[in-house]
Every structure is written in C-alpha cells, then in structure tokens.
Amino acid sequence: MKQAHKILKEVFGYESFRYLQKEIIQNILNKNDTLVIMPTGGGKSICYQIPALLFDGLTIVISPLISLMRDQVEQLRQLGVNAALLNSSLSQDIYRINYENVKTGKAKLLYMAPESLAKEEITSLLKTITVDCITVDEAHCISEWGHDFRKDYRQLGNLRKNFPSAVCVGLTATATPRVRDDVIVNLNMVQPQKFVASFNRENLFLQVLPKRDAFEQTVDFLKEHKNQSGIIYCFSRKQVDSLNDDLSHQGFSTRPYHAGLSDEERNRNQDLFIKDEVQIIIATIAFGMGINKSNVRFVLHYDLPKNIESYYQEIGRSGRDGLRADCLLLFSYADISKINYFIDQKENELEMISAKAHLNSMVKYAESDICRRNTLINYFGETYQTEYCGMCDNCLAEEKEMVDITIPAQKLLSTVKRTGEIFGANYIIDVLLGEESDRIFSNGHQKLPVYAIGSEFDKKQWHTFVNQFIRKEILTRDLEFGSLKLTKKSYDVLLKKDKVLGFIKEPGPITKKVKFSAKSGDQAYDNELFELLRKKRKEIAEENGIPPYVIFNDKTLTQMAAKLPQNESSLLGISGVGINKLESYGNIFLSVIKKYCSQKRSQIFHPGKKTESISRQRLKANSDLRYTLIGESLNNGASIEELAKEYKVKLPTIISHLERYVNEGKKIRIEALTQRISLPKEKYAKVFDAFKAEGMSSLSIIHEKLGNEVSYEDLHLLRIIFSVTRDI
Ligand code: ADP
Ligand code: ZN
C-alpha cells in the first residue's frame with residue numbers, strides 16, 4: 001500500500017485517498033474479485049488505475065463508449081502513464097503503434113470496447129501476454145436490469161475463463177441490488193468483495209423553483225453562472241431547439257444536442273462543449289453518457305424529469321471535480337401531464353403503472369419542503385442521518401414567519417368543491433379572481449358564490465397556496481389529469497374550521513443569497529488569477545487538441561489561485577499536480593502566477609489607477625456580505641442563537657455562514673462555538689484526529705468513523721474550530 005500511496009502522490013498528484021479507495025485498491029492487489037459501486041465523480045478510475053501500475057502484467061479495461069475511452073487514455077497519457085486503446089476507429093498507423101505497445105508489455109492498461117474481444121487479432125494478441133486484471137467499466141451494461149444493457153457485454157464472462165489468474169473488477173454507478181447481482185453472475189466473479197460508497201454528492205447544490213416564466217428564470221440563472229459550463233435539460237427536441245435559438249439571441253454561448261440532429265452535428269457540439277469552446281449544452285436526456293468533463297458547474301432542468309433515477313443521473317454530471325455545482329429544477333404541474341401523456345402511450349400495463357409510480361416520486365421530491373438531499377438519498381435506500389444538509393434550498397430557506405391562511409384555504413377548497421373537483425389549478429384560480437373567460441361563462445361558474453372572492457391575492461400567490469395545501473394534504477392533485485380534488489383533511493378545514501398555517505410570499509432563487517458552503521469543497525481564491533490560469537489552460541489545450549480539464553481540472557486551478565505557489569515544490573503540493581504534469585506544464589503556470597503576484601505587489605506599493613488589494617476585490621466579488629456581518633457580530637459578542645433570531649434563519653444556516661467566514665482566513669471567537677457543542681471537551685481531539693485522517697470535505701464519513709456518536713451540528717462546529725486552529 002505504501003507503493004499505492006506513492007503513485008497517488010507522484011503520478012496523480014493527490015494527497016490522500018478518498019473514502020473506500022484504499023480498501024478497494026488493497027483488495028484488487030490481493031487479487032480478490034471486486035465490485036465497486038460509487039456515484040459519478042466518486043473516484044472510481046483510480047481504484048483500478050493504481051493497481052494497474054503496480055501489477056507486472058496488463059490490465060484490460062472494457063468500456064462501452066469510444067469517447068469515454070479516449071478521454072481516459074488521454075488523461076493517463078497526461079499523467080505519463082502508458083495506456084493504449086484498440087478500436088476500429090483508429091488510423092492504421094496508430095492502431096499498429098498501440099498494438100505493439102501492448103505486445104511488448106510497455107502499455108500497462110489496454111482500453112477496449114466489448115465487441116473487440118471477439119476479434120481474432122485481439123484474442124491472439126492477448127494469448128501472448130500476461131493479463132493481471134480485467135476491469136469492466138459501466139458494468140451495469142452487462143445486466144438486463146441496467147438502463148443501458150449491451151449484448152456484447154455478455155461475452156465478458158468467457159473472457160474471464162481465458163485468464164484464470166487475472167482479478168476481475170466491475171465498476172458502476174448503478175446501485176440497485178438486482179443489477180449488482182446480475183453483474184456478479186454474468187462476469188463469473190468469484191466470491192467478490194462489494195464496496196458501496198454513499199450516493200450523497202455533497203458538492204451539488206439542490207434547488208427547485210416553481211416554473212413561472214421559464215425563459216426569464218433561465219436567463220437569471222445563467223447570468224449568475226457567467227463564464228461557466230453547464231447543461232440545460234429539456235423534455236422535447238422542439239423545446240431544445242427553440243430555447244437554443246432564444247438563448248443564443250441573448251448572447252449566450254449555447255449548442256443543441258438531441259436525437260434529431262445528425263451524428264456529425266451532435267459530435268461537433270459535444271466536442272465544442274468538452275473543449276470549453278461552448279459553454280452551455282441544451283439537451284434532451286440523450287446527452288451526457290459519453291462525457292467525463294469534470295468542470296460542469298450547473299445543471300438546469302427546464303422541464304420535470306420522468307423519475308428520480310434520471311434526475312439523479314443528470315445532476316450527477318455536474319461537479320465531478322468536487323467543486324460546488326448548482327442544480328436547479330423548474331417545476332410546473334403542466335409538465336406532469338406532458339409526461340403522463342407519454343406514459344399513456346405505453347402498451348404494457350405493468351410498465352405504465354411503474355412509470356407512473358416513478359413520476360409520482362419525482363413530483364413528491366419537487367413538492368417537498370424538507371431537506372432535498374434527505375429525500376433523494378433515502379429514495380436510493382440509503383439512510384441519510386442529518387435533517388440539515390446545508391446545500392439545498394429547503395435547508396437554507398429563511399424561516400419565514402408562518403401566518404394563519406385558513407381563510408384563503410377555505411376559499412380555495414370550496415371553489416374546488418363547487419366546481420366539481422374536475423378542474424386544474426389555473427382554472428380554479430381564475431374563478432377565485434373573477435376572470436371573465438369564455439370557459440368560465442360556458443360553465444356558468446360566474447354565478448357561483450365563490451366567483452371573484454379571492455382578489456386580495458394575485459395569481460402567483462394563489463399558486464403558492466395550492467402548493468402548500470398539497471404538501472399539507474388538505475388538497476390533492478390528480479396526477480393523470482391535473483385536476484384538484486379534496487381529501488379527508490379538507491373537510492376538517494371546511495367544516496371544523498381547522499386552522500391552516502403557511503406562508504404568504506413565494507420562495508425566491510437561493511443561489512444569489514448563499515453562494516458558498518465549506519461542504520462544497522470550495523475555498524476562497526483570487527478570481528482574477530483563476531481567469532488568467534483558465535485562459536492559459538485553454539491556450540495549451542487548443543495547441544494540443546485536448547480538452548482543457550485534462551491538463552488540470554478547475555479544482556487544481558482554484559487551489560493555485562488560493563495558495564499562489566511560487567516555485568516547483570509548492571506547486572507539487574497542489575492537489576492534481578503530479579510529477580509528469582509538473583514537468584509538462586509547471587513552468588508555464590508558475591510564470592502566470594508569479595507575473596500576477598508581482599503586478600499586484602507593485603500596485604500596492606505604487607498606488608496608481610488600480611489600487612485595490614486582492615482581498616478587497618474578493619470581497620467585492622461576493623455581493624452578498626451577510627456572512628461577514630454575521631462573523632463580525634459573533635466576534636463582537638453575539639451568540640449563534642441570537643444571530644439566528646436576528647437574521648430569522650435556522651441555526652445551521654448561521655453555522656454555514658460562519659464556515660464561510662473562517663474559510664476566508666478570518667479568526668473567530670471560539671467560545672461562541674464551544675458554548676453550543678454538547679460533546680465534552682476532552683473528546684474534541686478524537687474528532688480532530690478524524691479530520692486529519694479523512695479530510696474535512698465529508699462530514700458523513702467522519703460521522704460514521706466516530707460510530708455515529710457525534711451529532712452533525714457538533715461536527716460542523718468542530719470543523720470550524722479545527723480549520724481556524726490547525727495553522728496556529
Ligand atoms: P468516476 O469514474 O467515479 O465518475 P473519476 O474517477 O472520474 O470518477 O473521479 C472524479 C474526479 O475526482 C477526477 O477528477 C479524479 O481525478 C478525482 N479524484 C479521484 N480520486 C481522488 C483523490 N483521492 N483525491 C483527489 N481527487 C481525486
Ligand atoms: Zn438540505
């Protein structure tokens with residue numbers, strides 16, 4: 001394992017293993033068959049790549065898509081690892097070179113599609129060499145229950161028989177037990193050890209907004225993500241095309257991606273996106289499977305996804321580099337009927353029922369007002385311990401004051417009742433507002449006593465009432481037709497006059513308010529320098545015809561812009577800088593950093609036009625300075641509880657502001673934190689040791705490591721204390 005650690009550091013440039021990586025590598029090195037189930041971005045590749053470098057013989061990697069293989073091979077080459085790809089898409093010359101590399105034992109890894117295994121040339125090549133490991137990437141493809149089953153994967157079981165001394169490794173991000181068992185059987189795995197990582201992606205910020213003016217909401221969201229890469233998912237091709245037109249007219253850098261385009265155009269658009277030439281891809285669900293791009297900073301669902309599985313998979317394409325990514329879903333009830341219409345076209349009744357149940361769960365998720373991460377993770381059968389994740393809209397929602405909304409509830413419920421429980425929200429609200437529409441007149445509903453009794457609120461507000469009533473189950477919505485219906489509880493409100501409490505104002509976008517959480521793995525960095533480094537990275541990428549993130553990912557660049565390394569040895573200390581990359585690119589990036597620093601220094605000593613110091617600019621860049629105010633008040637004597645009251649937010653929100661405050665390098669009044677910690681002081685050291693060993697990015701790992709004994713709130717507070725005191 002010492003060797004494995006050395007490779008992690010020297011080749012990959014990483015300081016420590018992530019959760020389970022060490023155990024998995026150990027297991028593979030011991031030649032025990034291994035099944036790895038980890039979400040996208042969890043760090044599966046290193047698990048077989050490090051053993052591949054330690055084995056004498058070859059590691060075969062079976063992967064379903066040529067674009068993924070190319071990407072992996074390119075990434076390995078950048079790290080100085082000899083990896084080969086054998087595929088019919090290669091030119092004859094390149095194919096020969098790769099072939100020879102494998103034959104002479106120079107290549108440590110060989111990437112192939114499953115189809116290639118049947119080729120005579122390949123089988124005879126493999127007979128002449130030692131194979132130590134067979135890795136099957138996207139292993140769910142081997143299972144009929146997997147969402148993208150591939151027949152060719154079925155031959156892999158035989159491959160196994162030809163290399164009895166090779167260890168077999170399966171990797172997938174699909175967690176269902178059925179798929180898991182299928183993979184084990186079909187790969188002829190022998191008593192495999194299973195490693196299942198958590199499906200919680202802590203760096204994804206989850207948010208749902210009621211869809212009002214979707215285009216305007218999208219433009220607002222995109223303006224918040226200037227210069228960033230992202231994906232917008234739409235329901236239909238038509239929607240993709242029209243949104244693409246409208247957004248590009250507004251000056252956004254976008255390209256469409258859907259099954260109606262030619263292969264050539266699709267590949268071109270994908271390629272432009274991967275190379276950071278185009279910032280936004282607008283796509284149907286077809287997009288994303290074949291890309292490894294690590295710096296996707298946002299995913300926007302313009303329409304409702306069909307089920308939670310697809311939603312999770314689609315948002316999972318963002319934030320692979322571990323930095324924060326924003327996931328926004330625009331939710332409207334009209335979308336439910338659209339999806340239902342398609343479900344109704346299904347011939348098989350069982351499929352239809354199951355699709356509806358899945359849709360129902362998706363709607364529940366969108367309507368929910370508890371922690372989204374909680375709902376999502378629990379859906380996948382994992383128990384999520386904390387009720388507060390600090391990285392979703394519901395957790396960060398300011399505690400609005402609940403008011404008595406019994407009267408509007410009664411008005412709305414009786415309108416639903418008097419119109420026969422067959423109309424959707426829009427119609428009911430029109431009646432309440434006394435709209436003079438043909439539809440209302442032809443139904444004679446202008447004569448009802450409820451007609452025009454709701455004009456004290458506007459349409460938007462009535463819609464938020466409807467959502468709240470559905471959540472409270474005093475109203476329900478027929479998923480098939482969208483009509484509103486009463487429930488048992490409705491009558492308690494109508495007859496017994498049960499009190500209904502709720503909110504009057506509608507939720508606004510959160511991203512603006514809270515742009516940071518220590519959980520997201522972000523740290524304060526100099527944005528101006530980051531942009532310069534990005535520009536340089538793009539130049540090099542263009543010269544070499546490779547995607548920019550293959551050179552260094554965004555996380556590595558942000559660390560450079562935070563730590564401002566001035567020489568090779570401090571550059572090596574940055575995550576993602578290994579020996580080979582240091583040799584290839586070290587000097588280029590160092591010179592950008594040094595030049596920038598000396599410019600800044602001269603500006604400080606010779607104030608001219610631009611006199612702002614780096615930290616001032618940083619402050620300015622964050623228009624929302626609430627966390628600074630909160631940090632300062634705490635230092636001036638306020639307690640966490642007092643601050644929560646003053647800002648009308650939950651305690652954890654204050655704590656996450658404080659995390660941000662100390663991450664900016666500020667000091668904090670530690671007694672104010674220890675006051676709230678219930679763990680006895682003599683046990684702090686145990687927690688700090690855990691931070692040292694496991695890092696600070698995932699509290700769930702720490703929680704588990706400490707036997708679930710320390711509460712999440714304590715862990716949050718101790719993390720702050722640890723990060724302020726460790727430099728002392
Ligand atoms: P997956 O295949 O599970 O989707 P990857 O193997 O592509 O994930 O890893 C996601 C990202 O995390 C990559 O940029 C990878 O280099 C990085 N990564 C993996 N392991 C570590 C580690 N131990 N420390 C830091 N970064 C890591
Ligand atoms: Zn949450």
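1. Let's start with two neighbouring strands: S12 and S13 pair in the parallel sense over four bridges. Helices (H or I, at least four residues) and strands (E, at least two) are DSSP runs, numbered from the N terminus, and two strands pair if DSSP finds at least two bridges between them. One place to look is phenylalanine 298, which stands opposite aspartate 326 in S13.

2. A word on what you are looking at: this is a predicted model, in which local features need pLDDT of at least 70, side-chain atom pairs count only at pLDDT 80 or more, and totals for chains, interfaces and linings use all residues. Residues are numbered from 1 along each chain as its sequence is written, chains are lettered from A and ligands numbered from 1 in the order in which they are written, and side-chain values use heavy atoms, with hydrogens and water left out.

3. Stay with S13 (residues 325-331) for a moment. Seven of its seven residues are buried, so the strand is largely enclosed by the rest of the structure. Here buried means under 20% relative accessible area, exposed means over 50%, and partly exposed is in between (1.4 Å probe, protein chains only). Ala325, Cys327, Leu329 and Phe331 point one way from S13, while Asp326, Leu328 and Leu330 point the other way.

4. S13 has another partner, strand S8 (residues 204-210): the two run parallel and are joined by seven bridges.

5. Now move to S9 (residues 229-233), where five of five residues are buried. Ser229, Ile231 and Tyr233 face one way from S9, and Gly230 and Ile232 face the other way. S9 pairs with S12 (residues 296-301) in the parallel sense over five bridges, with serine 229 opposite valine 296. S9 also runs parallel to strand S11 (residues 280-283), to which four bridges join it; in S11, alanine 283 is the bridge partner of tyrosine 233.

6. Next, zoom out. The protein has 34 helices and 17 strands. Its radius of gyration is 28 Å, close to the 27 Å that the globule rule gives for 728 residues, so it is as compact as a globular protein of that length. That radius is taken over C-alpha atoms, and the globule rule is 2.2 Å times the number of residues to the power 0.38. Buried residues make up 54% of the 728.

7. Leucine 475 is worth a visit, in the loop between helix H20 (459-471) and strand S15 (476-477). At 1% relative accessibility, leucine 475 counts as buried. Leaving aside neighbours within four places in sequence, its contacts (heavy atoms within 4.5 Å) include Leu412, Val416, Phe469 and Leu486. Its C-alpha atom and that of arginine 297 are separated by 37 Å.

8. Finally, a look at two backbone angles. Most residues other than glycine have a negative phi. Leucine 20, however, has a positive phi of about 75°; this residue lies in the loop between helix H1 (2-12) and helix H2 (21-29) and is buried, with a relative accessible area of 13%. Asparagine 708 also has a positive phi, near 55°. This asparagine lies in the loop between helix H33 (699-705) and helix H34 (712-725), and at 42% relative accessibility asparagine 708 counts as partly exposed.
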